[in-house]
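Trainee: I would like to learn how to read a structure one feature at a time. Could we go through one together?

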Amino acid sequence: MSMTGPARYPDDPVGGFPSPPRTVEDAEGREIELRGYDGSDAEREALRAMYEAFDPADRAQGIPPSRPSKLEEWLDRILTAECCNVFAWDGEKVVGHATLVPENGPESPYELAIFVLQSHQGAGIGTALMESILGHGAAEGISQVWLTVERWNRSAVGLYEKIGFETTDAESFELEMAIRLDTDQTESTG
């Protein structure tokens with residue numbers, strides 16, 4: 001995560017994202033529960049297990065870290081009160097995770113990162129996870145969210161555009177994309 005967001009954000013806010021907790025059925029017929037991180041050691045361990053099983057080919061920009069010590073440092077950084085985290089659960093296993101991390105404290109823009117285990121990709125979990133993290137963020141008063149994505153990752157770019165992200169910088173091998181959230185237009189789908 002680079003922690004240097006875009007200079008501009010779209011003018012029009014996007015709203016109506018569902019807040020967790022919610023349950024969706026993925027394209028494989030699995031019941032996936034999306035819920036915010038509760039701060040427990042058990043949930044942290046479930047997330048660590050997901051990242052330990054993560055396919056190295058799906059790592060981007062050095063995250064999630066593969067070395068155990070670096071993974072612990074990263075979990076310490078993102079599993080804090082000032083970050084927003086939503087986990088996708090398939091039974092007792094975390095199979096997806098999205099996080100919003102503030103650039104410079106809670107009043108600054110937030111960087112988004114999202115990960116779905118390879119075994120659960122292509123089934124709609126990423127879309128549900130994106131909607132849930134943005135709904136959770138908007139409910140917490142977060143209005144500016146950005147991300148970077150490798151330009152060759154067409155499926156991710158397509159998902160982000162469908163959700164409402166706009167490209168703000170395309171000058172490197174990564175695209176920088178941003179969205180302005182409507183913090184008055186959240187919906188709860190408990």
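Trainee: Leaving aside its neighbours within four places in sequence, which residues is Glu43 in contact with?
Mentor: This is a predicted model, and in it Glu43 contacts Arg35, Gly36, Tyr37, Asp38, Phe87 and Trp89 once residues within four places in sequence are set aside. Glu43 itself sits in helix H1, which covers residues 41–52.

Trainee: Is Glu43 buried or exposed?
Mentor: Buried means under 20% relative accessible area. Glu43 has 5%, so it counts as buried. Two of its contacts, Phe87 and Trp89, are buried as well.

Trainee: How do I describe a pair of aromatic rings?
Mentor: Give the distance between the ring centres and the angle between the planes. Eight aromatic pairs are counted here. For Phe87 and Trp89, the centres are 6.2 Å apart and the planes lie at 45°, so this pair is tilted. Elsewhere, Tyr51, Phe54, Trp74 and Phe115 make up one aromatic cluster.

Trainee: And what should I look for in a nonpolar core?
Mentor: In soluble globular proteins, nonpolar side chains tend to be buried together. The largest nonpolar core here has 54 residues, and those touching the most other members are Tyr51, Leu112, Met130, Leu134, Val145, Tyr160 and Phe165. Helix H3 (residues 125–139) supplies the largest share of this core, seven residues.

Trainee: In what order do the strands of the open sheet lie?
Mentor: The eight strands follow the order S2-S3-S4-S5-S6-S7-S9-S8, with mixed pairing. Strands S2 (22–25) and S8 (166–169) are at the edges with a single partner strand each, so one side of each has no neighbour in the sheet. From one strand to the next, the twist averages 30°.

Trainee: How many bridges join strand S4 to strand S5?
Mentor: Seven bridges link S4 (residues 84–90) with S5 (residues 93–102), and the two strands run antiparallel. Within this part of the sheet, Ala88 stands opposite Gly96 in S5.

Notes
Residues numbered from 1 in each chain as written. Predicted model: local features only at pLDDT ≥ 70, side-chain atom pairs only at ≥ 80, totals over all residues. Heavy atoms only, no water. Helix = DSSP H or I, 4+ residues; strand = E, 2+ residues; numbered from the N terminus. Buried < 20%, exposed > 50% of the residue type's maximum accessible area, 1.4 Å probe, protein only. Contact = heavy atoms within 4.5 Å. Phe/Tyr/Trp six-rings, centres within 6.5 Å; stacked < 30°, edge-to-face > 60°. Core = buried A, V, L, I, M, F, W, Y, C linked by side-chain atoms within 4.5 Å. Pairing = 2+ DSSP bridges. Axes fitted to C-alpha atoms, helices over the stretch in contact; angles between N-to-C directions.
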